[in-house]
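This report describes selected features of one protein model. Please keep the sequence and the structure in view while reading.

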Amino acid sequence: MSAQAGGGEYCGSNFSLDNRYYNACQINFPTLDTGNDTQTNLYLLLADKGLITFDEPDTLHTSSYYYDFPLNLRTLKHAAVNQVQNPNQSFLEPSETSNYAEYCNSFYTGKTALENALTLDQALTPKERAQLMQFRDAIRSECANSFDDEAAALKETATFPLKWSVHAQPYADYIMATQLFYLGKKSDFDSAHNLYSALTTLDAGDNAGRAWLLDTVNYMLIRTGINRIYQQGAQDYVYDHKTVDPRLFASTQSAINTYLSRFKKGQYTASARGLQRRLYWLSGKQEQLVDEIEWQIEHTKSLAFNLDSRRLPEEIERRLFFPDSDKQVDINVLNDPILLTSFALYRLRPASDFMNTKPITLAALERLKPKFKGSMDLYQYLIATYYFVQENNPKRALTYLPTAAPTGKLSYTQFSQYALKAKALQQLGRTDEANTLWQQLHTLPKQPFQNTVTELALALHADKTNDYRSLFTDTSIQSQTLKMRVIKYSADPILLKQIADNHANTNALGAEARYALLAKSLIHGRYDDYLTYQQRYLPKDAQKYQGYSSKDETLKHLPTFSQFNWQGKHISPHIKCQNLTTTVTRLSKRPNDRLQTLCLTEFMYDTDLTSYLDDYDKEFRYIVDDDPSKPYPYLGDVPSRFAGQTLSRLDIYRAIFTDSQDDELSAYALHRAIGCFASSGNNQCGDKQVDLSVRKAWFKRLKSDFSHTTWAKNQKYYW
């Protein structure tokens with residue numbers, strides 16, 4: 001079920017403002033939307049709560065090849081920064097000393113803490129301190145990869161006393177228990193538990209070292225309990241709490257209660273309270289888990305606060321919202337507005353997004369209203385979303401959205417309200433009002449990532465009006481991704497020439513504009529224009545521009561200009577193609593020349609030029625969006641602004657072999673046309689499908705009329 005909530009891989013981008021439908025590609029918006037995965041909505045809500053901020057990466061705007069537009073969950077996760085953190089709780093960051101096993105996180109920090117405690121214990125002799133640390137260093141553990149190399153664990157030969165002194169013995173017992181705890185797959189948590197338990201009666205007095213030890217062993221009873229539970233309940237990589245001895249749950253809960261009552265300001269108070277969440281999840285107590293997470297969200301100043309907010313959305317999604325593959329939380333057990341809003345947005349997705357459940361009803365939403373006390377803006381937003389998504393009633397949705405103009409730096413919730421309002425106005429045909437609102441939002445100071453939405457809205461408006469001046473001159477519009485898309489799909493020759501003239505050919509925008517002029521002039525049969533652009537815009541060192549194969553690192557992300565240095569090919573003794581410049585020059589004089597048009601298709605085939613305009617992002621979005629009744633504008637989805645019909649390889653082949661001449665050109669064109677449908681039966685040489693019976697007739701003609709040719713002999717199938 002969590003896959004229905006979020007957590008997929010990159011598939012493309014969304015250049016439409018439509019974000020109603022969930023997609024497994026994690027294409028998200030920095031607005032509270034039904035189409036976002038639940039983790040994204042949780043991140044935005046936690047930011048509004050003040051638990052996290054986002055360190056927005058520069059590449060989001062400066063890279064011309066930033067995919068996953070407007071926002072990907074991975075980007076959001078990496079950008080998240082804890083805004084509130086208990087000074088008594090630290091989170092181990094990934095490093096050379098951290099390990100894939102979670103329980104290893106304290107392997108090294110525990111060693112440092114022990115060393116400090118030994119220093120504080122004045123009853124120990126210097127020799128005992130040294131021997132105890134050597135004993136700790138001798139621990140063999142997968143956390144230190146010491147099983148692979150005996151010498152790695154015992155860095156130097158160490159000797160230990162046969163009997164420790166009364167002062168050193170408790171520390172030695174603790175180290176032995178720690179050895180048993182950190183053995184990895186061989187860990188003996190039961191024996192470790194017994195050793196830790198025996199030390200809980202230790203009299204620390206005013207000995208600071210022993211006070212640390214007493215605190216630590218009580219805490220380790222919780223950790224051994226958690227690991228004993230998981231060890232017992234994990235069968236064949238699947239955890240089932242029903243297979244765990246109930247006494248283990250009870251004893252671990254008792255250890256948590258004891259620690260929190262005995263060490264109210266203990267060094268592990270926050271961690272112990274965090275392990276309470278783990279215990280609730282392991283024991284299947286979902287309602288208690290809900291209460292604990294909600295308590296944590298609302299008690300950020302408590303010593304027991306234990307949230308790494310960077311990872312909290314994933315925890316909530318996996319452990320709370322969707323604890324099992326066939327089970328999701330009952331929304332009625334949720335109480336915190338953050339959890340309610342995120343899960344309600346999931347339940348407000350269009351019905352087609354669900355298999356085993358149905359969207360939440362208006363009545364069910366209204367019953368939740370008392371729980372939004374103090375957060376009525378979120379409740380109003382959910383009702384507006386219900387009318388907009390479920391009832392396709394933008395007019396009613398507007399009644400739940402702000403009436404005043406936006407001002408100041410908006411929270412993610414406020415920004416979402418105004419974004420939904422603009423989309424509702426757009427759906428009602430009130431485009432001028434919608435555009436005004438988008439412009440107002442764009443001029444305001446923004447939270448991280450919000451500019452992607454306003455810039456997309458402005459770019460869509462430019463698409464409609466064919467006026468892109470502000471998109472390329474307004475410094476507040478940062479997204480190179482949007483500009484690159486306009487260059488590729490929307491811009492007319494005048495705009496492309498302006499961009500090319502104003503940017504060097506090693507600049508991403510300038511290079512893309514030059515390539516678009518060259519490619520589109522050929523694709524549209526504008527041969528004279530191509531020859532002009534070739535002289536003016538094709539780099540003199542075009543051969544160096546080989547895309548990712550370029551030797552020069554600075555050229556790897558620039559268009560493949562070397563394609564236009566095509567040197568022609570000899571297809572047969574009678575069919576010979578000259579280089580591209582010669583071919584196009586001849587076509588400029590005789591556009592329908594059979595040989596030259598065939599040679600142009602060979603250039604297209606060798607360079608895959610026709611795929612330049614393929615728009616996989618748009619195609620993907622159309623597949624996802626199964627409601628074509630009111631299509632959203634999609635950036636770049638405009639009629640070509642280049643004069644002339646788009647050339648199709650298949651159309652050229654057909655023009656050649658339907659000519660009255662039964663010659664080698666016709667045979668080769670038939671061969672190529674049949675191959676356009678290999679092996680799927682779909683046309684790979686244009687956007688028009690051809691009936692199978694017609695393709696069969698081509699095959700028969702090739703095999704009968706041109707049986708003497710190599711192409712007829714080699715053509716064994718049609719598709």
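## Exposure and the basis of the report

A residue is called buried under 20% relative accessible area, exposed over 50%, and partly exposed in between, with a 1.4 Å probe and protein chains only. At 34% relative accessibility, N466 therefore counts as partly exposed.

The model is predicted: local features need pLDDT of at least 70 and side-chain atom pairs count only at pLDDT 80 or more, while totals for chains, interfaces and linings use all residues. Residues are numbered from 1 along each chain as its sequence is written, and side-chain values use heavy atoms, with hydrogens and water left out.

## Nonpolar cores

In soluble globular proteins, nonpolar side chains tend to be buried together. A nonpolar core is here a set of buried Ala, Val, Leu, Ile, Met, Phe, Trp, Tyr and Cys residues joined through side-chain atoms within 4.5 Å. The largest such core has 160 residues, and the members that touch the most others are F54, F321, L334 and F564. Helix α25 (residues 508-523) supplies the largest share of this core, with 11 residues. Helices (H or I, at least four residues) and strands (E, at least two) are DSSP runs, numbered from the N terminus. Another core lies apart from the largest one; it has 51 residues, including F135, I175, F181 and Y219.

Contact means heavy atoms within 4.5 Å. Beyond its neighbours within four places in sequence, F54 is in contact with Y43, L44, A47, L76, A79, A80, Y412, P448 and F449. L320 belongs to helix α14 (residues 312-321) and is buried, with a relative accessible area of 0%. Not counting residues up to four places away in sequence, L320 touches Q286, L289, V290, I293, E315, V329, L334 and L339.

## A pair of helices

The axes of helix α6 (residues 126-137) and helix α8 (residues 169-181) come within 10 Å and cross at roughly 10°. Axes are lines fitted to C-alpha atoms, for helices over the stretch in contact, and angles run from 0 to 180 degrees between N-to-C directions. Angles under 35 degrees count as roughly parallel, and α6 is therefore roughly parallel to α8.

On the α6 side, L132, F135 and R136 take part; they meet Y171, A172, I175, M176 and T178 of α8. These residues divide into six nonpolar, one polar and one charged. In this grouping, Ala, Val, Leu, Ile, Met, Phe, Trp, Tyr, Cys and Pro count as nonpolar, Asp, Glu, Lys and Arg as charged, and the others, Gly among them, as polar.

## Disulfides

A disulfide is counted when a pair of cysteine sulfur atoms lies within 2.5 Å, and the count comes to two. One joins C577 to C599, with an S to S distance of 2.1 Å. C577 is in strand β8 (residues 575-577) and C599 in helix α28 (residues 594-607), 22 residues apart. Both cysteines, C577 and C599, are buried. The other disulfide joins C676 to C685 at 2.0 Å, S to S; C676 and C685 are likewise buried.

The torsion about the S-S bond is about -90° for C577 and C599, so that disulfide is left-handed. For C676 and C685 the torsion is about -100°, so this disulfide is left-handed too.

## Backbone features in loops

The peptide bond from F69 to P70 is cis, with omega near 0°. P70 is found in the loop between α3 (59-62) and β3 (71-72).

F449 is not a glycine, yet has a positive phi of about 80°. F449 is buried, with a relative accessible area of 1%. N466 has a positive phi as well, near 60°, and is found in the loop between α21 and α22 (469-473).

Conventions:
Angles under 35 degrees count as roughly parallel, over 145 as roughly antiparallel, 65 to 115 as roughly perpendicular and the rest as oblique.
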